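Below is a short briefing on one protein chain. Look through the sequence and the structure before reading the points that follow.

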Amino acid sequence: MHPFYSSRWPRFLHVSLMVLAVSMMLAIFQMPAHAQAKERPVKHPTFYRTIQVDGLSIFYREAGPKDAPTLLLLHGLPSSSRMFEPLFTQLSDRYHLIAPDYPGFGHSDWPDPKKFAYTFDHIAETMNRFTEALGLSRYTLYMQDYGGPVGFRMALAHPDRIEALIVQNAVAHNEGLGAIWKTRRAYWADRSANESALRANLLSLATTRTRHVGSDPNVDRYTPDLWTDEFAFLSQPGQMDIQSDLFYAYRTNVDSYPKWQAWMRERQPRLLVIWGKYDPSFDLSEPEAYRRDVPNAEVHVLDAGHFALDTKADEIAALIGQFVKTQK
């Protein structure tokens, strides 16, 4: 045998084995987490479902144990149940979460406005029947934006079903409508003369972005997907007509504010008000207006916009958890 192999090979083999062992250990540490150990299963995954209500397919998200307190989450314009995904992530281990899309929104049916009356009265009726179809007899209402006029109608129609109210940038007082509503009030006074101005004011890409960012100086906290996705939805055939009809019906909400206020003053519901102070549409006086009606209301004003879940989901989830926990 050549002297090299007889004198050097054992030492070379020893070094090679050491290098191989170190390499394997490094590879293990560099492996992705799912390859090192099995991922923990999600205990309460979100389910994406549809149910027939009055001949319409109503889409909804559902998560959490059904024997836990139920939170019924009502979305705003021009969003859908998708806006509540951060709460589903954080609260589904403790609560039964239900978030529907209204007719004309998201993944629910969009019936022709010539065949379906897009009014808040009608949508609230549909949502009440939606809860009946699911067998929901008691729940806390989370109402954001359009969720306010839908939710208050539901509460007045069936007060026995309401355990508590969570209001997040939804108005129940006339003074809560800010200066931007001048064009919108003109539309209610003369629809035909102000239709084009209303659509530019309410449904344009610029307004869709402003609804999220508002006056928040920290613009870089907002993903542009928020408004580009919503504007893509608004740009679908038929959406302009649907949303124009529904917004024309918004004038009935202003007329109903005194009834909602009287109901709150009489019933004194458990009330949590969460308010994004950078909201361009609703006045910052509105949270305290709720406290005038319900003196024991819990009020929190956050450094957030109209859709406060965009940037403050963790804080809101914690506030909801504490509020519902003390609901006994």
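Within what distance do the axes of α6 and α7 come, and at what angle do they cross? The two axes come within 8 Å and cross at roughly 150°. This is a predicted model. Its protein chain has 13 helices and eight strands, and 48% of the 328 residues count as buried.

**The chain as a whole**

- Among contacts between residues at least 6 apart in sequence, 73% join residues at least 24 apart.
- The structure holds 19 salt bridges.

**The pair of helices α6 and α7**

- An angle over 145 degrees counts as roughly antiparallel, and α6 and α7 are therefore roughly antiparallel to each other.
- The crossing of these two helices, α6 and α7, is left-handed.
- On the α6 side, the contact is made by Thr 183, Arg 184, Ala 186, Tyr 187 and Ala 189.
- On the α7 side, the contact is made by Arg 191, Asn 194, Glu 195, Ala 197, Leu 198, Asn 201 and Leu 202.
- Sorted by class, the residues in the contact of α6 with α7 are six nonpolar, three polar and three charged.

**Salt bridges**

- Side chains of opposite charge can pair when their charged atoms come close.
- Arg 199 belongs to helix α7 (residues 191-203) and Asp 241 to helix α10 (residues 239-248), so the pair ties together parts that are 42 residues apart in sequence.
- Arg 199 is partly exposed at 24% relative accessibility, and Asp 241 is partly exposed with a relative accessible area of 42%.
- The side chains of Asp 216 and Arg 221 meet in a salt bridge at 2.5 Å, N to O.
- In that pair, Asp 216 is buried, with a relative accessible area of 3%, whereas Arg 221 is partly exposed, with 31%.

**Backbone details**

- The peptide bond that runs from Leu 77 to Pro 78 is cis, and its omega is near -10°.
- Pro 78 is found in the loop between β3 (70-74) and α3 (85-91).
- Asp 145 is not a glycine, yet its phi is positive, at about 55°.
- Where is Asp 145 placed? Asp 145 is in the loop between β5 (139-144) and α5 (147-157).
- Buried means under 20% relative accessible area, and Asp 145, at 7% relative accessibility, counts as buried.
- Asn 169 is not a glycine either, and its phi is positive, at about 50°.
- The loop that holds Asn 169 lies between β6 (162-168) and α6 (181-189).
- Is Asn 169 buried or exposed? Asn 169 is buried, with a relative accessible area of 0%.

- Phe 116 is part of the loop between β4 (96-100) and α4.
- At 7% relative accessibility, this residue, Phe 116, counts as buried.
- Which residues does Phe 116 touch, not counting residues up to four places away in sequence? Phe 116 touches Leu 56, Pro 103, Pro 111, His 122 and Thr 126.
- Phe 116 and Ile 242 are 126 residues apart along the chain, and their C-alpha atoms are separated by 9.5 Å.

Terms used
Residues are numbered from 1 along each chain as its sequence is written. This is a predicted model: local features need pLDDT of at least 70, side-chain atom pairs count only at pLDDT 80 or more; totals for chains, interfaces and linings use all residues. Side-chain values use heavy atoms; hydrogens and water are left out. Helices (H or I, at least four residues) and strands (E, at least two) are DSSP runs, numbered from the N terminus. Buried means under 20% relative accessible area, exposed over 50%, partly exposed in between (1.4 Å probe, protein chains only). A salt bridge is a side-chain nitrogen of Lys or Arg within 4 Å of a carboxyl oxygen of Asp or Glu. Axes are lines fitted to C-alpha atoms, for helices over the stretch in contact, and angles run from 0 to 180 degrees between N-to-C directions. Angles under 35 degrees count as roughly parallel, over 145 as roughly antiparallel, 65 to 115 as roughly perpendicular and the rest as oblique. A crossing is left-handed if the near helix is turned anticlockwise from the far one by less than a right angle, and right-handed if clockwise. Contact means heavy atoms within 4.5 Å. Ala, Val, Leu, Ile, Met, Phe, Trp, Tyr, Cys and Pro count as nonpolar, Asp, Glu, Lys and Arg as charged, and the others, Gly among them, as polar.
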